[in-house]
Amino acid sequence: QAGQPGNYELKFADGKTRSLKVSSVAAPVEISGPWEVSFAPGWGAPEKITFDALTDWAKHSQDSIRHFSGKATYRKTFELPKLKTKNSKLILNLGEVSDLATVRVNGQELATLWLAPWSVDITAAAKPGANTLEVEVVNTWNNRLAGDAALPKEQRRTFVTAEIVKKSSPLLPAGLLGPVFIRTINPIKL
């Protein structure tokens, strides 16, 4: 299977080699533009908001998002063309995520990803035309602890017995950072 054009040399277990030229593959489809984001209720962030583009929560203009720790769900509808061959695969790449992501396409849960390359095969769940992508992201509680440390005790939502995160502690990257794209992988006959 080839995901990008180029000249390849395959080496088999018996020591034989074979050259292979892949002249072209479909360009990746970027899933960009606005995303609907739903934050877990009760932690200060808006229950629903639209992000015009993927952005780091820690850099958001709203304190309630900048200091949010917990689960948020990103939703986006995207279009897919019909696959050219029945053996092609569609690989979704989330780009960068901080810190954990569960991926659903058209309501079907496909994987929980916790490290790079943040990719999952979506072929079984995707269809030609409109598709719905949901990415549930969970970050660490560092940013909430830092935000709470700046508040009076009666307004804090979290605490730890040892002061390991202070109001001056740097915020950690959080959320779906992207870029998000889908790559078509086509089988190559040898």
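Predicted model: local features only at pLDDT ≥ 70, side-chain atom pairs only at ≥ 80, totals over all residues.
User: Which strands stand at the edges of the open sheet formed by six strands?

Analyst: Strands here are DSSP runs of E with at least two residues, numbered from the N terminus, and two strands pair if DSSP finds at least two bridges between them. The six strands follow the order β5-β4-β6-β12-β9-β10 with antiparallel pairing. Each edge strand has a single partner strand, so one side of each is left without a neighbour in the sheet, and these strands are β5 (48-51) and β10 (108-113).

User: What is the average twist from one strand to the next in that sheet?

Analyst: The axes behind this value are lines fitted to C-alpha atoms, and angles run from 0 to 180 degrees between N-to-C directions. From one strand to the next, the twist averages 25°.

User: Which residue of β5 is the bridge partner of S38?

Analyst: S38 is found in strand β4 (residues 35-39), and β4 runs antiparallel to β5, to which four bridges join it. In β5, the bridge partner of S38 is K48.

User: With which side chain does the side chain of S38 make a polar contact?

Analyst: S38 is buried, since its relative accessible area is 14%. A polar contact is a pair of N or O atoms within 3.5 Å; within protein, one must be able to donate a hydrogen and the other to accept it, and residues adjacent in sequence count only if both atoms are side-chain atoms. At 3.1 Å, the partner of the S38 side chain is the side chain of R75.

User: Where does N106 lie, and what is its phi?

Analyst: N106 lies in the loop between β9 and β10. With a relative accessibility of 30%, N106 counts as partly exposed. N106 is a residue other than glycine, yet its phi is positive, near 50°.

User: Is W118 buried or exposed?

Analyst: W118 lies in the loop between β10 and β11, and although W118 is not a glycine, its phi is positive at about 55°. Its relative accessible area is 9%, so W118 is buried.

User: Which strands stand at the edges of the open sheet of four strands?

Analyst: This sheet has the order β3-β14-β7-β11, with antiparallel pairing. Each edge strand has a single partner strand, so one side of each is left without a neighbour in the sheet, and the edge strands are β3 (29-30) and β11.

User: Which residue in β11 stands opposite L92?

Analyst: Strand β7 (residues 89-93) and β11 pair in the antiparallel sense, with three bridges. The residue in β11 that stands opposite L92 is V120.

User: Which residue takes a positive phi in the hairpin of β1 and β2?

Analyst: Strand β1 (residues 6-11) and strand β2 (residues 17-22) pair in the antiparallel sense over six bridges, and G6 stands opposite V22 in β2. The hairpin has five residues between the strands, and the residue with a positive phi, near 95°, is G15.

User: What is omega for the cis peptide bond that joins G178 and P179?

Analyst: P179 is placed in the loop between β13 (175-176) and β14 (181-185). For the cis peptide bond between G178 and P179, omega is about 0°.

Key:
Residues numbered from 1 in each chain as written. Heavy atoms only, no water. Buried < 20%, exposed > 50% of the residue type's maximum accessible area, 1.4 Å probe, protein only.
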